Amino acid sequence: MLGRLRLWSYPWARTLAGTLLPCSCALCGELAATVVCAPCRERYARSDALRCPCCANPLGVHEAAGQQCAACLAEPPDFDATIAAVDYAAPLDALVLRLKFGAQLPLAPWFAEQLHEAVPAHPGWPLPELLCPVPLGPQRLAGRGFNQALEIARPLALSLGVALEPRLLVRRVETEAQSSVAPRERADNIRGAFDVADAALGLVAGRHVGVVDDVMTSGHTLNEVAATLKRAGAARVSNLVFARTPPH
């Protein structure tokens, strides 16, 4: 099964599937050349909102482009930058759930494509030297059968021309899902959950690591990942997430 899932990382496989099989837009249901049609993409996946370059939350009316938000200035996170393709809002939030819990793997390359197209909106952002996905715990991975972050990271690494290190990080604590934990408890829930694999320590020291995930909500998981990588000697950590949950 894993071999079949990896096929979606390759453009030729998606082109062949699109030729042989009819495709309908995952949002409107109309016939489309890709999993999301061009009109829906323009309507829902395009945003001119200014984002904080550190955490990717929308900037306030008195904050200038390229300026960090007040929250990041007051309490700098361990990561250095975040690129988010879209807001985690209807109807795109449903696509995230369909990938994660419905195993609709063809959505992952489309997520990666939106992320790749978001990069030019961050002039001066240095390309990471390697990418890694946020790892799932063994029990959750066994139950789901795949890691959605890895399925996004595969085609993203190919399009960016950056090496993918899928086993760079290990999850040594099987935590509760962050979505099931009260916001004030999320930092404690994820603390100490990750390690850099012993065999990968030499890949991290002095390098810029890009961390891929499907959604960034409170940022505690990605901050813990960044702290883990920095302790292992990473010079810089950037997040690349498909969707960013707007602050409430």
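What follows is a chat about a predicted model, its sheet, one of its helices and some of its charged residues.

Q: Before we start, what are the ground rules for this model?
A: It's a predicted model, where local features need pLDDT of at least 70, side-chain atom pairs count only at pLDDT 80 or more, and totals for chains, interfaces and linings use all residues. Residues are numbered from 1 along each chain as its sequence is written, and side-chain values use heavy atoms, with hydrogens and water left out.

Q: OK, the sheet. What's the strand order?
A: Five strands make an open sheet, ordered β1-β7-β6-β2-β3, with parallel pairing. Strands here are DSSP runs of E with at least two residues, and helices are runs of H or I with at least four, numbered from the N terminus. Two strands pair if DSSP finds at least two bridges between them.

Q: And which strands stand at the edges?
A: β1 (81–87) and β3 do; each has a single partner strand, so one side of each has no neighbour in the sheet.

Q: How many bridges does β2 make to β6?
A: Four, and the two strands run parallel. L130 stands opposite V209 in β6.

Q: What about β2 and β3, how many there?
A: Two bridges, again parallel, with β3 covering residues 163–164. L130 has A163 as its bridge partner in β3, and L131 stands opposite L164.

Q: Are the faces of β2 covered or open?
A: Both faces of β2 (residues 130–133) are covered: L130 and C132 on one side, L131 and P133 on the other, all buried. Buried means under 20% relative accessible area, exposed means over 50%, and partly exposed is in between, using a 1.4 Å probe and protein chains only.

Q: Where does G210 sit?
A: In strand β6, residues 208–216. G210 counts as buried because its relative accessibility is 0%.

Q: What does G210 touch?
A: Skipping neighbours within four places in sequence, G210 contacts P128, L130, L131, C132, S238 and L240. Contact means heavy atoms within 4.5 Å.

Q: How far is G210 from A81?
A: 9.4 Å C-alpha to C-alpha, while they're 129 residues apart in sequence.

Q: Is α6 mostly covered or mostly open?
A: Mostly covered, with nine of its twelve residues buried. Among them are W110, F111 and Q114.

Q: Now charges. How many salt bridges are there?
A: Ten in the whole structure. A salt bridge is a side-chain nitrogen of Lys or Arg within 4 Å of a carboxyl oxygen of Asp or Glu.

Q: What does R41 pair with?
A: E113, with the closest N and O atoms 3.1 Å apart. That pair links distant parts of the chain, R41 in helix α3 (residues 38–44) and E113 in helix α6, 72 residues apart. R41 counts as buried at 14% relative accessibility, and E113 is partly exposed at 32%.

Q: And D87, what's its partner?
A: R51, with the closest N and O atoms at 2.8 Å. D87 is in strand β1 and R51 in the loop between α3 and α4 (70–74), 36 residues apart. D87 is partly exposed at 26% relative accessible area, whereas R51 is buried at 16%.

Q: Which residue does R207 bridge to?
A: E129, with the closest N and O atoms 3.7 Å apart. R207 is in the loop between α10 (201–204) and β6, and E129 in the loop between α6 and β2, 78 residues apart. Both are partly exposed, R207 at 26% and E129 at 37%.

Q: Last one: is E224 buried or exposed?
A: Buried, yet without a salt bridge; R231 is the nearest side chain of opposite charge, at 4.0 Å. For charge, Lys and Arg count as positive and Asp and Glu as negative, while His and the chain ends aren't counted.

Q: What does the E224 side chain reach, then?
A: The backbone nitrogen of G192, at 2.9 Å. E224 itself lies in helix α11 (residues 220–231).

Key. A polar contact is a pair of N or O atoms within 3.5 Å; within protein, one must be able to donate a hydrogen and the other to accept it, and residues adjacent in sequence count only if both atoms are side-chain atoms.
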